[in-house]
Amino acid sequence: MLVLDRSYDLIAPIIHDYYYQTNVAQYKDGFKGDGGEFKLDNKTIFLNDQDDLWVRFRNTHCIEVFQEVNAEV
């Protein structure tokens, strides 16, 4: 058995999914809530079809989301 650190893993960056919906789902467990409603600090976040930003960005690559958000600011 050969144990290496993550810097030797060249495949992980290629196979990891970098879409907005996947990344939110990955970190969603840190939020408390269900049914598309999440509570984070004092804010309530709705991630469902009623949220225009969620519908707009959920199937978009994260780089494109960051570029669009930065262009709007």
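Predicted model: local features only at pLDDT ≥ 70, side-chain atom pairs only at ≥ 80, totals over all residues.
Trp 54 has a relative accessibility of 8% and therefore counts as buried, the cut-off being under 20%. Trp 54 belongs to helix H3, which spans residues 52–57.

The structure contains two aromatic pairs. In one of them, the ring centres of Tyr 20 and Trp 54 are 5.9 Å apart and the planes meet at 55°, so this pair is classed as tilted. An angle over 60 degrees would be needed for edge-to-face, and one under 30 degrees for stacked. Because Tyr 20 sits in helix H2 and Trp 54 in helix H3, the pair ties together parts of the chain that are 34 residues apart in sequence. Tyr 20 has a relative accessibility of 26% and so counts as partly exposed.

Tyr 20 also pairs with Phe 57, with 6.3 Å from centre to centre and 65° between the planes, an edge-to-face arrangement. This pair, too, links distant parts of the chain, with Tyr 20 in helix H2 and Phe 57 in helix H3, 37 residues apart. Phe 57 has a relative accessible area of 5%, and is therefore buried. Through these ring pairs, Tyr 20, Trp 54 and Phe 57 are linked into a cluster.

Helix H2 covers residues 20–27 and also holds Asn 23. Is Asn 23 buried or exposed? Its relative accessible area is 15%, so Asn 23 is buried. Leaving aside residues up to four places away in sequence, Asn 23 touches His 16, Asp 17, Tyr 18 and Cys 62. Cys 62 falls within helix H4, which comprises residues 62–72.

The strands come next. Strand E1 (residues 37–40) and strand E2 (residues 43–46) run antiparallel and are joined by four bridges. Within this pairing, Glu 37 stands opposite Phe 46 in E2. The two strands form a hairpin with two residues between them. In the turn, Asp 41 has a positive phi of about 55°.

How confident is the predictor in these parts? The protein chain has a mean pLDDT of 78, and 84% of its residues reach 70 or more. Among the elements of the chain, strand E1 has the lowest mean pLDDT, at 72, whereas helix H4 has the highest, at 88.

Definitions and conventions
Residues numbered from 1 in each chain as written. Heavy atoms only, no water. Buried < 20%, exposed > 50% of the residue type's maximum accessible area, 1.4 Å probe, protein only. Contact = heavy atoms within 4.5 Å. Pairing = 2+ DSSP bridges. pLDDT = per-residue confidence, 0-100. Phe/Tyr/Trp six-rings, centres within 6.5 Å; stacked < 30°, edge-to-face > 60°.
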